[in-house]
Amino acid sequence: LCGGRGGWKVGAASPSAPPLRAPLPSAWLQQGDGRLEAAACAGGLEVELAFTIGQPLPAGATYSREQVVAALASLHVSIEVLASRQPDVPDLHPDAKLADLINHGALIVGAGSTDWQGLDLLTPAFSVSISGNPVLDHGANPAGDPIRLVHWLANSLDPADGGLEPGDVVTTGSWIGLYPSPGAGHRIEARIGDLQASLQID
């Protein structure tokens, strides 16, 4: 039904907090300009940095940070749409949240850059606009360094998870917290550095 796994979402509450991960169904990924119905966006939006895997990182090995960085093909801005399939989300047991893919509904992955290793991934230039009107000009990821999260993910997967494969998308947590959907007829554009992602809400 979900078309298999297209990647992973990973995040952490602080630079030292243990990360969490959940698979991303491939059917819920959109590459390039995204488009969704307003009802699908009612759970809110997050703006994130994502990576596409370029070289396989099989599960069960222990990788250095340098090996993981070398396996990353491109960097993207992504817009995650949140959704839950369970009631009373704030009161859910942590395991139930993981089973719910940590409230994942869809991921819009903007065009990427292969020349990303010199970019500032901690305090990059940042902006979000809705239908051309700026609404945010700064943001921060509470997890800190996104490479730490991808490095942790590569080393945390077991053979049942299948490891990281070329084409997998790994998104690394919100820079804006949870932002409410502006509703039908609006277009969200997010920029981090020179990278951009957009979502048209119908």
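Visitor: Which residues line the largest cavity?
Guide: You're looking at a predicted model, where local features need pLDDT of at least 70, side-chain atom pairs count only at pLDDT 80 or more, and totals for chains, interfaces and linings use all residues. Residues are numbered from 1 along each chain as its sequence is written, and side-chain values use heavy atoms, leaving out hydrogens and water. A cavity is a set of points, on a 1 Å grid over the protein atoms alone, where a 1.4 Å probe fits but cannot get out, and a lining residue has an atom within 4 Å of a point. Around the largest cavity, those residues are Leu 45, Val 47, Val 128, Ile 130, Ile 176, Tyr 179 and Ile 188.

Visitor: What volume does the largest cavity have?
Guide: The structure holds 1 cavity of 30 Å³ or more. Volume is the space filled by probe spheres set on the grid points, which are joined across faces, edges and corners. For the largest cavity that comes to about 50 Å³.

Visitor: Which residues does Tyr 179 contact, leaving aside neighbours within four places in sequence?
Guide: Contact means heavy atoms within 4.5 Å. Along the chain, Tyr 179 and Leu 82 are 97 residues apart, yet their C-alpha atoms are separated by 9.8 Å. The contacts of Tyr 179 are Gly 44, Leu 45, Ile 130, Val 135 and Leu 136.

Visitor: How many charged residues are in the lining of the second largest pocket?
Guide: A pocket is an open set of points with protein on both sides within 12 Å along at least five of seven lines. By class, 7 lining residues are nonpolar and 2 are polar, while the charged count is 3.

Visitor: How many strands does the chain have?
Guide: Helices (H or I, at least four residues) and strands (E, at least two) are DSSP runs, numbered from the N terminus. Of the 202 residues, 45% count as buried. The chain has 3 helices, and its strands number 12.

Visitor: Why do the buried residues of α3 line one face of the helix?
Guide: In α3 (residues 146-156), Pro 146, Ile 147, Leu 149, Val 150, Leu 153 and Ala 154 are buried. They line one face because, seen down the axis (taking directions from the helix axis to the C-beta atoms), they fall within an arc of 160 degrees.

Visitor: Which residue's side-chain oxygen reaches a backbone nitrogen at the start of α3?
Guide: The buried residues of α3 pack against β1 (5-11), β2 (20-25), β5 (45-53), α1 (65-70), β6 (72-82) and β10. At the helix start, the backbone nitrogen is that of Ile 147, and the side-chain oxygen that comes to within 3.0 Å belongs to Asp 145.

Visitor: What side chain does the side chain of Lys 9 make a polar contact with?
Guide: Lys 9 lies in strand β1 and, at 9% relative accessibility, counts as buried. A polar contact is a pair of N or O atoms within 3.5 Å; within protein, one must be able to donate a hydrogen and the other to accept it, and residues adjacent in sequence count only if both atoms are side-chain atoms. At 2.8 Å, the partner of Lys 9 is Glu 80.

Visitor: Which residue's backbone oxygen does the side chain of Thr 172 reach?
Guide: Thr 172 is in strand β10 and is buried, with a relative accessible area of 0%. Beyond four places in sequence, Thr 172 touches residues including Val 10, Phe 51, Asn 141 and Pro 146. At 2.7 Å, the side chain of Thr 172 reaches the backbone oxygen of Leu 49.

Visitor: What is the phi of Ser 131?
Guide: Most residues other than glycine have a negative phi. Ser 131 is in the loop between β8 (126-130) and β9 (133-136), and counts as partly exposed at 38% relative accessibility. Although not a glycine, Ser 131 has a positive phi of about 50 degrees.

Conventions: Nonpolar A, V, L, I, M, F, W, Y, C, P; charged D, E, K, R; others polar. Buried < 20%, exposed > 50% of the residue type's maximum accessible area, 1.4 Å probe, protein only.
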